[in-house]
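Please have the sequence and the structure open while I talk.

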Amino acid sequence: VVAYYPELLDANMDSLKTVHFYRWYMGIHNPKGFRKKAFPLFEKEFHITKEAFQSAMTKAYKAHEDWLYKIKEEGEKAIEYANRTGHKIIVLAGRPYHIDPEINHGLDRLLNTLQLVVITEDSVFHKVAEPAKVKVLNQWTYHSRLYNAAKYVTTQKNMELVQVVSFGCGIDAITTDEVRKILEDKDKYYTQLKIDEINNLSAIKIRIRSLLAASEAKERESLGKKS
């Protein structure tokens with residue numbers, strides 16, 4: 001979700017009419033900017049002192065950093081397991097809301113049944129030495145992670161990237177073109193899964209099996225040329 005969820009909720013949920021629903025505009029990417037904008041609002045609405053606000057903010061940022069570290073740590077464990085056991089890794093790249101089981105329909109568990117190790121772009125995007133070069137305006141955090149994750153996948157023999165999209169969200173038409181180019185320029189396959197309002201994952205299973213078959217065929221061809 002890039003922005004405007006509060007407006008969406010406010011316009012569509014009648015239950016919010018009977019409560020104090022705050023939809024302030026602020027971002028957490030810049031701590032100084034967040035403090036400058038958020039404190040006056042919290043002070044006015046909740047009579048919070050500057051000391052209490054600073055203490056809460058410090059704890060919140062620390063919790064956020066710990067969470068991001070945990071994601072990367074779990075990703076490392078999954079990668080180590082895959083390398084040790086010889087399993088293929090799928091970098092399942094979706095927007096933040098795709099983690100909701102009601103939206104992804106258990107896609108991650110389906111991939112596990114195919115003996116695939118599943119990680120997200122959050123786990124590998126930081127591993128690239130230099131950011132991926134794209135021909136579009138790259139101003140969103142998620143899109144930047146996506147491009148860098150795709151670049152990293154091109155350096156790993158046992159990794160494939162699968163991009164999940166829903167109802168043409170945001171600028172998916174642009175990101176799909178860029179991710180496809182990043183992968184295909186390095187002889188990797190691009191796979192996109194549209195999971196809008198579906199419950200039957202049979203078609204997705206076929207797509208993934210086709211990706212694996214094509215990847216294995218390419219590996220055999222590569223080994224044949226070397227021999």
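Two strands are taken here as paired if DSSP finds at least two bridges between them. With that in hand, and bearing in mind that this is a predicted model, we have an open sheet of four strands in the order E2-E1-E3-E4, with parallel pairing. Strand E2, residues 116-120, and strand E4, residues 191-194, stand at the edges with a single partner strand each, so one side of each is left without a neighbour in the sheet. From one strand to the next, the twist averages 30°.

Strand E3, which covers residues 159-165, pairs with E4 in the parallel sense over four bridges. Along this pairing, Gln-163 stands opposite Gln-192 in E4, and Val-164 stands opposite Leu-193, again in E4.

What kind of unit do E3, H7 and E4 make? They make a β-α-β unit, and a right-handed one. Helix H7 itself, residues 172-184, lies across E3 and E4, running at about 170° to E3.

Finally, there is helix H3, residues 50-85, which lies across strand E1 (88-93) as well as E2 and E3. The direction of H3 is at about 155° to that of E2.

Terms used
Residues numbered from 1 in each chain as written. Predicted model: local features only at pLDDT ≥ 70, side-chain atom pairs only at ≥ 80, totals over all residues. Heavy atoms only, no water. Helix = DSSP H or I, 4+ residues; strand = E, 2+ residues; numbered from the N terminus. Axes fitted to C-alpha atoms, helices over the stretch in contact; angles between N-to-C directions. Contact = heavy atoms within 4.5 Å. Right-handed = clockwise from strand over helix to strand, strands pointing away.
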